[in-house]
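Colleague: Could you walk me through this one, a helix at a time? I'd like the cut-offs along the way.

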Amino acid sequence: RKHTHTHTDGVEKEGELENFNQRAGWLMGLLLFQSLSSLILRNYEVLIQTHPVVVYFMTMLVGAGGNAGSQSAVLVIRGIALGRVAHKKMKPFIIEQLTTGAKLGLVMVCVCFVRVKLFETNWVEAIAICSSMFVIVLFSVILGTCLPLLLRALKVDPAHAGAAIQALMDIMGLVLTCVATSACFNLFGEKMPSLVSPLAKSPGVSVSPETSPPSKGLFFKGG
């Protein structure tokens, strides 16, 4: 009996150690991945200097992506656990989630537009921010749907997708916001580079009053 009890304790300790190593490995990997945010912001320094309002709403945009992605990931993980997400039903399920993502994106755009205009943001910047919201929500729903399925295919616990989504959307939210807003400003006639220009780094760089938001209520806007 003593031998059996000792063997059982050893198995439990090995299981706890393996679980700890998996969790620690995921957390360290996600931490390193999230450190890319500073590089992304540096690459879009021109955008941030000429349109600082984008930064004010960055938390709102990135947070919406993380929340939407987490919702999708939880639904998929639950479906896998209950056997509802089978291989034969995969295609209809993914199409359903894409449709849901587009609908959620449109709803969030409406809410985002009202919030942005309440803070007296000009129309061009409001359209740019709302476009970013739609792209981020749609992308996060797709990622939240596909990531647990990918982990299951790789024989990794799909439950890890819950933590991974938040870290992935922290970075992808920044990227999508900068890319989408830059594209919108370019459509409206501004030459918005995606990489840092020498002018942006120079001490004498100034922010154009035509493209920057009014200073009134500067620190009370957005995100």
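Colleague: How should I read the model itself?

Modeller: This is a predicted model, in which local features need pLDDT of at least 70 and side-chain atom pairs count only at pLDDT 80 or more, while totals for chains, interfaces and linings use all residues. Residues are numbered from 1 along each chain as its sequence is written, and side-chain values use heavy atoms, leaving out hydrogens and water.

Colleague: Which residue follows H8 with a positive phi?

Modeller: The phi in question is near 95°. The residue that has it, after H8, is Gly189.

Colleague: How are H5 and H6 oriented to each other, roughly parallel or roughly antiparallel?

Modeller: Axes are lines fitted to C-alpha atoms, for helices over the stretch in contact, with angles from 0 to 180 degrees between N-to-C directions. Those of H5 (residues 58–82) and H6 (residues 90–118) come within 12 Å and cross at roughly 155°. Under 35 degrees counts as roughly parallel, over 145 as roughly antiparallel, 65 to 115 as roughly perpendicular and the rest as oblique. The two helices are therefore roughly antiparallel.

Colleague: Which residues of H6 make the contact with H5?

Modeller: Contact means heavy atoms within 4.5 Å. H5 brings Met60, Ala64, Ser72 and Val76. From H6 come Phe93, Gln97, Met108, Cys112 and Arg115.

Colleague: And H5 with H7, roughly parallel or roughly antiparallel?

Modeller: Their axes come within 8 Å and cross at roughly 30°. That angle makes the relation of H5 to H7 roughly parallel.

Colleague: How do H6 and H7 pack, roughly parallel or roughly antiparallel?

Modeller: The axes of H6 and H7 are 8 Å apart, at an angle of about 155°. That makes this pair roughly antiparallel.

Colleague: Which partner does Phe57 have in its aromatic pair, and how many residues apart are they in sequence?

Modeller: Phe57 lies in the loop between helix H4 (53–56) and H5, and Phe119 in the loop between H6 and helix H7 (123–153), so the pair ties together parts whose separation in sequence is 62 residues.

Conventions
Helices (H or I, at least four residues) and strands (E, at least two) are DSSP runs, numbered from the N terminus.
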